[in-house]
Amino acid sequence: MSRVKMILVGGFLGAGKTTLLARAAERLAARGLRVGLITNDQAANLVDTELLRQGGQQVKEVSGACFCCAFNKLLYVCDNLIAEHHPDVIIGEPVGSCTDLAATVVRPIKRYCADRFDLAPYSVLVDPDRLTETMGTLATSDVARAVNYIYAKQIAEADLAVINKSDLLPADRLAGVRSALLKEAPGVAVMSMSALQGSGVDDWLDRMLPGSASGRVVDVDYDTYAAGEAALGWLNAAVELSADRDVDWRALAEQFMRRVQSELRQIAADIAHLKILLTTPGGRLQGNLTSAAGEPAFHGEVSEPTRYATLVVNARVRVAPDDLRAVVEQCLRATAAGQAVTVNIAEIASLRPGRPTPVHRLG
Ligand SMILES: Nc1nc2c(ncn2[C@@H]2O[C@H](COP(=O)(O)OP(=O)(O)OP(=O)(O)O)[C@@H](O)[C@H]2O)c(=O)[nH]1
Ligand SMILES: [Mg+2]
């Protein structure tokens, strides 16, 4: 049996991992290769899974724990993908608040699964604005320091640090971002790309397909790591929306995102990533917000008015999970009421990620 190429794409929440998975899958298909994708989250109802699936990709998810804590489930899901779709390449996206993957996933795959998987260099995506913000300002609290700690460790363990969103980066800032990265991870290979626009994605694949992961294990203090993860409130919800006349779904989605942003701002809750996927019988609209002060970005179309839609909401915010849930539910109901839309929250989970307990740790 020939080995399946496996590519893991790490990086903090909102860095562009899912965008890269979608773009890379298209580029690999154009090269005649079959691709399977694996998403990962602390809970079910993932925007990422739904988005990639609706984009026509073969996707499976590991939900309920990160790849390192659900290592056997990751292998199980890979086996299912291989049995059902015979991929040449599997690309996996670990949870964006996760680190220590070199020791807990990369090295275990290399040691125990070398006969089945050929693991590519471990890539970590970096959002230039978040890097500047995280590394450039002094953290003012233990919580902020713990979140920054995760961010720094993610970069330090990369085989390849990928500066993403290069389309937003003036040429004169690239050198500064590169040197900030090298400060965190001396000697790490660095490249830049725009996963959204596609520039650099083929170059990246040309490094991934023939390359091998090394597993650059770094020291990780699990108390600080756990404190950083626990600082983030997590919310996943699946919602059904209906009305007795056609609805302007785009307006509703935009109002909802802006309302949540404004409410969270009022309680000084820092947004790591708020993402939604609104699906109607004729279209879909993705909304992302990756900072408290940023502008929500929308992709897709729901121009045909309809009476029904489904909405998946995923929020990762530095706030207590109960408060996050209260804000999301209240904003949802207020926005829907404004357009005479009925809301049925089919499933909702809000939580704090538990302490990471990896199945393996090969230092
Ligand atoms: N301008 C620009 N935006 C990008 C690029 N890549 C991703 N984005 C945007 O960044 C936001 C977050 O992208 P995702 O791909 O969802 O990020 P992620 O790393 O998967 O986030 P999590 O799953 O929450 O960890 C979305 O609005 C994307 O459209 C890029 O190359 N350029
Ligand atoms: Mg993602």
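Author: Gladly! Threonine 134 is buried, with a relative accessible area of 11%. Keep in mind that this is a predicted model.

Reader: Why does threonine 134 count as buried?

Author: The term applies under 20% relative accessible area. Threonine 134 has 11%, so it is buried.

Reader: Where does threonine 134 sit, and what does its side chain reach?

Author: Here is the general idea for such places. An α-helix has 3.6 residues a turn, so residues three or four places apart point the same way. In this structure, threonine 134 belongs to helix H5, residues 128-136. Its side chain reaches the backbone oxygen of arginine 130 at 2.6 Å. Leaving aside residues up to four places away in sequence, threonine 134 touches Asn148 and Tyr151.

Reader: Let us move to the ligand. How many residues surround ligand 1, and which are the closest?

Author: Start with the shell, then look at who supplies it. Ligand 1 is surrounded by 22 residues, the closest being Lys17, Thr19, Asp167, His273 and Lys275. By class, the shell holds six nonpolar, ten polar and six charged residues. H1 and S10 each supply at least two residues of the shell, and H1 gives the most, with three.

Reader: Why does ligand 1 lie between domain 1 and domain 2?

Author: Both domain 1 (4-229) and domain 2 (232-351) give residues to the shell, so ligand 1 lies between them.

Reader: Which side chains have an N or O atom 2.8 Å or 3.0 Å from an oxygen atom of ligand 1?

Author: Look for pairs of N or O atoms within 3.5 Å. The side chain of threonine 18 has an N or O atom 2.8 Å from an oxygen atom of ligand 1. For the side chain of aspartate 48, the distance from such an atom to a ligand 1 oxygen is 3.0 Å. Glutamate 93 also has a polar side-chain atom 3.0 Å from an oxygen atom of ligand 1. Taken alone, ligand 1 exposes 650 Å², and the protein buries 94% of that.

Reader: Aspartate 48 brings me to helix H2. Which of its residues are buried, and what covers them?

Author: List the buried residues, then ask what touches them. In H2 (residues 47-54), the buried residues are Val47, Asp48, Thr49, Leu51 and Leu52. Their cover includes helix H1 (17-30) and several strands, among them S2 (35-41), S3 (58-63) and S10 (270-280).

Reader: And what follows H2?

Author: Glycine 56 follows H2, and its phi is positive, near 95 degrees.

How values were computed. Residues numbered from 1 in each chain as written. Chains lettered and ligands numbered in written order. Predicted model: local features only at pLDDT ≥ 70, side-chain atom pairs only at ≥ 80, totals over all residues. Heavy atoms only, no water. Buried < 20%, exposed > 50% of the residue type's maximum accessible area, 1.4 Å probe, protein only. Helix = DSSP H or I, 4+ residues; strand = E, 2+ residues; numbered from the N terminus. Contact = heavy atoms within 4.5 Å. Near = heavy atom within 4 Å. Polar contact = N/O pair within 3.5 Å; in protein donor to acceptor, adjacent residues only side chain to side chain. Areas by Shrake-Rupley, 256 points an atom, 1.4 Å probe, with all protein chains shown as cover. Nonpolar A, V, L, I, M, F, W, Y, C, P; charged D, E, K, R; others polar. Domains from an automatic or database assignment.
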